[in-house]
Amino acid sequence: LYLIPTAEVPATNIFRDVILNEEDLPKSITSFSPCFRREAGSYGAHVRGLNRLHQFDKVEIVQIQNKDNSSKTLDEMCDHVEHLIKLLELPYRKILLCAGDLGFSASITYDFEVYAPGQKKWLECSSVSNFKTYQTNRMNIKIRTNKEKNLAHTLNGSALALPRIVAAILENNQENNEIKIPDILQPYTGFNKITR
């Protein structure tokens, strides 16, 4: 058993040392896992609660794609995350990260942040990235096209980091002494509000 910071790495490694046929692409994986992290940054009142946790649950979406379709796949993955946030009726913003804020393995990354009015701050709830050939070069994941074998592209995104989504739902739906449950969640909760 291993404690992982995200399901992206084990999910992508399913295809380590594999040569995929182009007609079998994309390879799409969805995983739900507990994530364990040693959070960086300062400590104090502003990082307590659901904002920064050493353990949290997250749904991860991973795709392996060819180089010609990876940019389109990134857009589709971003659209998927955006759709989920819209279903929850949360105020959000989508941010294209500048090169200085990118992780060393990502080629392009979009962050999604939801607004938490009680804290008066934006909380990152998803990050969607195209790693192009960085990961596949190390994992030896290739695509067979006619007689050629080329490195695949990998993409991943969190959809969604659950603690911050819960915080945003609670803070955005508070009215007097009750919290309204978003319409899309009511069939799962069996109730439409939380009262004091």
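Mentor: We start with a core residue. Leu90 touches Ile85, Val114, Ile165, Ala168, Ile169 and Asn172, leaving out residues up to four places away in sequence. Bear in mind that this is a predicted model.

Trainee: What makes these residues count as touching Leu90?

Mentor: The cut-off is heavy atoms within 4.5 Å. Ile85, Val114 and the others listed with Leu90 meet that cut-off, so they are called contacts.

Trainee: Which residues have the most contacts inside the largest nonpolar core?

Mentor: They are Val81, Ile85, Leu90, Val114 and Ile165, in a core of 22 residues. At least two residues each come from helix H2 (70-87), strand E5 (108-116), strand E6 (121-132), strand E9 (153-161) and helix H4 (162-172). H2 gives the most, with 5 residues. A separate core has 11 residues, including Ala11, Val62, Ile141 and Ala152.

Trainee: Why would such side chains gather at all?

Mentor: In soluble globular proteins, nonpolar side chains tend to be buried together.

Trainee: Why is Ala116 called buried?

Mentor: Its relative accessible area is 0%. Buried means under 20%, so Ala116 qualifies. Ala116 is found in strand E5. Apart from neighbours within four places in sequence, Ala116 is in contact with Lys121, Leu123 and Glu171.

Trainee: What makes E9 a mostly covered strand?

Mentor: The count does: 9 of its 9 residues are buried. E9 also pairs with E6 in the antiparallel sense over 4 bridges. In one of these pairings, Val128 has Gly157 of E9 as its bridge partner.

Trainee: How do you know that E10 and E11 are paired?

Mentor: At least two bridges are needed. E10 and strand E11 (residues 178-180) have 2 bridges, in the antiparallel sense, so they count as paired. Gln174 stands opposite Ile179 in E11.

Trainee: Why are E10 and E12 called edge strands?

Mentor: The open sheet runs in the order E10-E11-E12. Strand E10 (174-175) and strand E12 (193-195) each have a single partner strand, so one side of each lacks a neighbour in the sheet.

Trainee: What makes the backbone of Glu89 and Asn176 worth a remark?

Mentor: Most residues other than glycine have a negative phi. Glu89 has a positive phi of about 60°, and phi of Asn176 is near 55°. Glu89 sits in the loop between H2 and strand E4 (92-96), while Asn176 lies in the loop between E10 and E11.

Trainee: Which peptide bond is cis at Pro26, and where does Pro26 lie?

Mentor: The bond joining Leu25 and Pro26 is cis, with omega about 0°. Pro26 lies in the loop between strand E1 (19-21) and strand E2 (27-36). The peptide bond from Ala159 to Leu160 is also cis, with omega near 15°, and Leu160 is in strand E9.

Note on methods
Residues are numbered from 1 along each chain as its sequence is written. This is a predicted model: local features need pLDDT of at least 70, side-chain atom pairs count only at pLDDT 80 or more; totals for chains, interfaces and linings use all residues. Side-chain values use heavy atoms; hydrogens and water are left out. A nonpolar core is a set of buried Ala, Val, Leu, Ile, Met, Phe, Trp, Tyr and Cys residues joined through side-chain atoms within 4.5 Å. Buried means under 20% relative accessible area, exposed over 50%, partly exposed in between (1.4 Å probe, protein chains only).
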